[in-house]
Amino acid sequence: MSPRRILAAITDFLVGDDPRLALAAAVAIGLTAVVCALGLSAWWLAPVVALAALWWTLRGARPSATSASKTSS
Amino acid sequence: MSGAEVSLALSVFLACAVEAVEAFTIVLAVGTTRHWPAALAGTGAATLALAVVVAALGPALTVLPLGVLRVVVGGLLLTFGLQWLRKAILRAAGAKDKHDEEAIFAAERAEAAAAPAAAGFDAYAFAISFKAVLLEGLEVAFIVLTFGANQHDVGLAAAAAALAVAAVLGAGLALRAPLARVPENGMKFAVGVLLTSFGIFWGAEGAGADWPGGEAALGPLVAVILLAALAMVAEVRGRAAPEVAA
């Protein structure tokens, strides 16, 4: 296995199927750090950003006409 | 046992049980279709590889300063948790196919039967079992390590993981069939909620935030994430399904 494939596998493992959610996690924690550094209360920020990002990634989802059980992981 | 310890043990147990069920299905399919010794050798080799990962990363995590550890662990858990939760919401809303161990078992058996037979040691059975156990186990190994290191209780996290594997293996060996009756989709939803909550809690704390009530804020946070996730399920379920061309 080449170093490039190993790097790709590690990135895939850490980032997962949806890179937007990995980005949201980084933004949630990063923004919290920035607001804390300004001396403001920021405990509420990470939940808001995380849930907003989750909601945003679901915006195109629709129930399928036939929601049969299959083999998705 | 404190509330945080109970949540830690529950999160690790559920995550580990879900992944163990999935790995068990694949090993069982390959073992019954191809060659049990090769399938078990693949399982053993992957378990050894996971042990090496844990042994190598465990001490490395403990030398990180607490603030840095919480940011790293919180970020990882939040990423994993949001991914689990997104899929669980889509499944619960009917927007993604549900995970079905019997269907996966049948598909794996068909694939294993179609692969060319090997004389002597069955490299196919070894490779498929190795890959299944390693891939399913890697995320659990990270969850055990990160939860354990952050709570200074790797022993509790490891015990919860071992208990989950033992329970799945016990049930699987007794039934000798895929564990289709395990409520996997519900368990994944619960794991998604817990990982997301812990990720937010530790990530924000590591970034410098002070939670009102300290560790006691974790309970309400889990409740908020759960309620928000259930609301998202209801909203997605209420959307119009795409029209299917006749």
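This is a predicted model: local features need pLDDT of at least 70, side-chain atom pairs count only at pLDDT 80 or more; totals for chains, interfaces and linings use all residues.

Start with chain A. It has three helices and zero strands. Reading from the N terminus, the order of elements is α-α-α. How much of chain A is buried? Of its 73 residues, 23% are.

Take one residue as an example. Asp12(A) sits in helix 1 of chain A. Asp12(A) and Leu23(A) are 11 residues apart along the chain, and their C-alpha atoms are separated by 13 Å.

Next, the place where the chains meet. On one side, 37 residues of chain A make contact; on the other, 45 residues of chain B do.

Over to chain B, and its helix 1. This helix has 31 residues. From first C-alpha to last, helix 1 of chain B reaches 45 Å, close to the 45 Å expected at 1.5 Å a residue. Helix 1 of chain B is also mostly covered, with 24 of its 31 residues buried.

How does helix 1 of chain B run against helix 2 of chain B? Their axes come within 7 Å and cross at roughly 150°. The two helices are therefore roughly antiparallel, since angles over 145 degrees fall in that class. Val27(B), Val30(B) and Gly31(B) make the contact from helix 1 of chain B. From helix 2 of chain B come Trp36(B), Ala39(B) and Thr43(B). That contact has four nonpolar, two polar and no charged residues.

Now the largest nonpolar core. It holds 99 residues. Which of them touch the most other members? They are Ala50(A), Val12(B), Cys16(B), Ala17(B), Val27(B), Ile89(B) and Val144(B). The largest share of this core, 18 residues, comes from helix 1 of chain B. Leaving out residues up to four places away in sequence, Val12(B) touches Ile143(B), Val144(B), Phe147(B), Ala157(B), Ala160(B) and Ala161(B).

Ile128(B) lies in helix 5 (residues 123-150). Ile128(B) counts as buried because it has 25 C-beta neighbours inside 10 Å, and the cut-off is 20 or more. Beyond four places in sequence, its contacts are Ile26(B), Val30(B) and Gly42(B). So Val30(B) comes up again here: it also belongs to the contact between helix 1 and helix 2 of chain B.

Last one, Ala92(B), in helix 3 (residues 66-92) of chain B. Ala92(B) is buried as well, with 21 C-beta neighbours inside 10 Å. Again not counting residues up to four places away, Ala92(B) touches Phe189(B) and Val233(B). Compare that with Phe24(B): 68 residues from Ala92(B) in sequence, and 24 Å away in space, C-alpha to C-alpha.

That is my tour. Questions, please.

Conventions
Residues are numbered from 1 along each chain as its sequence is written. Chains are lettered from A and ligands numbered from 1 in the order in which they are written. Two residues are in contact if their C-beta atoms, placed from the backbone, lie within 7 Å. Axes are lines fitted to C-alpha atoms, for helices over the stretch in contact, and angles run from 0 to 180 degrees between N-to-C directions. Helices (H or I, at least four residues) and strands (E, at least two) are DSSP runs, numbered from the N terminus. Angles under 35 degrees count as roughly parallel, over 145 as roughly antiparallel, 65 to 115 as roughly perpendicular and the rest as oblique. Ala, Val, Leu, Ile, Met, Phe, Trp, Tyr, Cys and Pro count as nonpolar, Asp, Glu, Lys and Arg as charged, and the others, Gly among them, as polar. A nonpolar core is a set of buried Ala, Val, Leu, Ile, Met, Phe, Trp, Tyr and Cys residues joined through C-beta atoms within 7 Å. A residue is buried if 20 or more other C-beta atoms lie within 10 Å of its own, exposed if 12 or fewer, and partly exposed in between; C-beta atoms are placed from the backbone. The expected span of a helix is 1.5 Å times one less than its number of residues.
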